[in-house]
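Reader: I am new to this structure and would like to learn how its descriptions are reached. Could you take me through them?

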Amino acid sequence: MTNSSIYMKLSPNYSFLQEAKQAPPNLYYDYIIIGGGTSGCALAATLSQNATVLVLERGGSPYGNPKIRNLDSFFANILDNSPLSPSQSFISEDGVFNTRARVLGGGTAVNAGFYSRASAGEVKSSGWDERLVKESYEWVEKKVVFKPPMLQWQSAVRDGLLEAGVLPNNGFSYEHLYGTKFGGTIFDHQDHRHTAADLLEYANPKNIVVLLHATVEKIEFRLPDGESKPIASGVIFRDEVGVRHNAYRRDSKSEIILSAGAIGSPQLLMLSGIGPEAHLKAHGIPVILEQPMVGQGMADNPMNALPIPSPRPVETSLAQVVGITTFGSYIEEASGSNIIRSWFYRLPEQSSNDSTAPKGKEKTLKAMHTMMKATARDGIILEKVKGPISTGHLKLRTTNPEDNPYVTFNYFKEPEDLQRCVEGMRTIIKVINSKAFSKFRFPHIPVQLLIDMVVNSPLNLRPRHVGASISLEQFCIDTVMTIWHYHGGCHVGRVVDPDYKVIGVDGLRIIDGSTFNHSPGTNPQATVMMLGRYMGEKILGER
């Protein structure tokens, strides 16, 4: 029996999961959710308890796909660029490789699985009901979150962080606490992934339909006589063979909810005529509402890392241990040959830029590259900048919703972000040099050589500068990568109100990471799933 057939037997038997091409030309529902992702699945499952729900997901099902299911296929999954793959790659205008999910379950079907809640301060500043937040996290955790085992590599990184001064030791916790801890994961003890799509097990199957390969082209609006606000009335979507369908709000209490993520939600608002007027007109889009803040404030937490060849075998693992520092950097790790080889899969056989390679080290770098390719003994320690403070913007490339828009994140535009990266890298170096971590590094390979190797690796499309190997500031700027925690573009107070209703129109909300000013906690998926459940409960309470 194949992995795929075994997984199909373990998959939920969702009677409400259908291909969009099976849908009738016109549909009517209480709630139309655009995007069956990290927040959308939790939201849909909750709303279906007391209302009819239609979920329009542009991707396919995560079930039956061993690349999604298995931990050791993490990078094979996220680097799959085939037309129907779960991830859609893009390159930001900053020259950093990135990806966005296109699959039921959203980012939870392609991410590294780490689960950790937002801080108490973030919950309070968001104006959320703390009791309902706690209940919503617990609702998610009962279905898709697990306590990971602490194996040798993870333990060494944990002890190295403590030795480096990232104190105290908080043990296992879902909470956001200064110090070092190991958190939850959406991979179970068989290293099988559980996604936000599993939260649909909570749904009332009589009240919900999930259409796959349903690409929303735009939201439709009407302006009744005597009304000053446009009203969102329905959506136009096309199925995988290109046939258009219409979905409409059933009555005045009904709503359309955008949960298409930090790229998809601002993009679809613009395609529907809500955004900067001049930009919309340049693309021939009729303006429904001039809203210059749509697509503004896009942010992506910068990530920088060092790979570490090990003299002994290491387990395959994704992020489990995290150091939450007081200076605004989060230290995480991963290990195992498939993961590390994939992370540095563009490693050159030799230096391709003599101006950035220290003279006399080309042969050593090549030897290290050969070793990293040949051995199953390596890991990576990375740092992610909290926040961040630096922001950019999103603009339409075309009017095709399947095309990636232009996205600029402006990594390290603000000096405080760069200082946080430098302090994070200094902490990583302390961990690598710690006594606790010594058994997992070759004593004859200095940290400087690891730095040189990263500088000489085409991890992104950004230029390399001569000082990148000797200046941690330049190293951060030149070798920045993404940890896929981008957010913003539809901020609360700018594009949506505190109830996530789009300002200036009726019948439309946005509930996803595009509304965040900062990435919550160390890793956002816990809070994005929580928000779907939380707002579902709030909306039902209003009915």
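Author: Gladly! Let us begin with a term: buried means under 20% relative accessible area, exposed means over 50%, and partly exposed lies in between, with a 1.4 Å probe and protein chains only. This is a predicted model, where local features need pLDDT of at least 70, side-chain atom pairs count only at pLDDT 80 or more, and totals for chains, interfaces and linings use all residues. Residues are numbered from 1 along each chain as its sequence is written, and side-chain values use heavy atoms, leaving out hydrogens and water.

Reader: Why is C41 called buried?

Author: C41 has 2% relative accessibility, and the cut-off is under 20%, so C41 counts as buried.

Reader: What makes C490 buried or exposed?

Author: The relative accessible area of C490 is 0%, so C490 is buried by that cut-off too. Across the chain, buried residues make up 62% of the 543 residues.

Reader: How do you know that C421 and C476 form a disulfide?

Author: A disulfide is a covalent bond between the sulfur atoms of two cysteines. Here the term is given to a pair of cysteine sulfur atoms within 2.5 Å. The sulfur atoms of C421 and C476 are 2.1 Å apart, so the pair meets that limit. This pair links distant parts of the chain, with C421 in helix α12 (residues 415-432) and C476 in helix α14 (residues 472-478), 55 residues apart. Helices here are DSSP runs of H or I with at least four residues, strands are E runs of at least two, and both are numbered from the N terminus. Both C421 and C476 are buried, and the structure holds 1 disulfide.

Reader: Why is the disulfide of C421 and C476 called left-handed?

Author: The torsion about its S-S bond is about -90°, so the disulfide is left-handed.

Reader: What makes the chain as compact as a globular protein of its length?

Author: The chain has 15 helices and 26 strands. Its radius of gyration is 23 Å, close to the 24 Å from the globule rule for 543 residues, so the chain is as compact as a globular protein of that length. The radius is taken over C-alpha atoms, and the rule is 2.2 Å times the number of residues to the power 0.38. Those C-alpha atoms fill a box of roughly 75 × 50 × 45 Å, taken along the principal axes.
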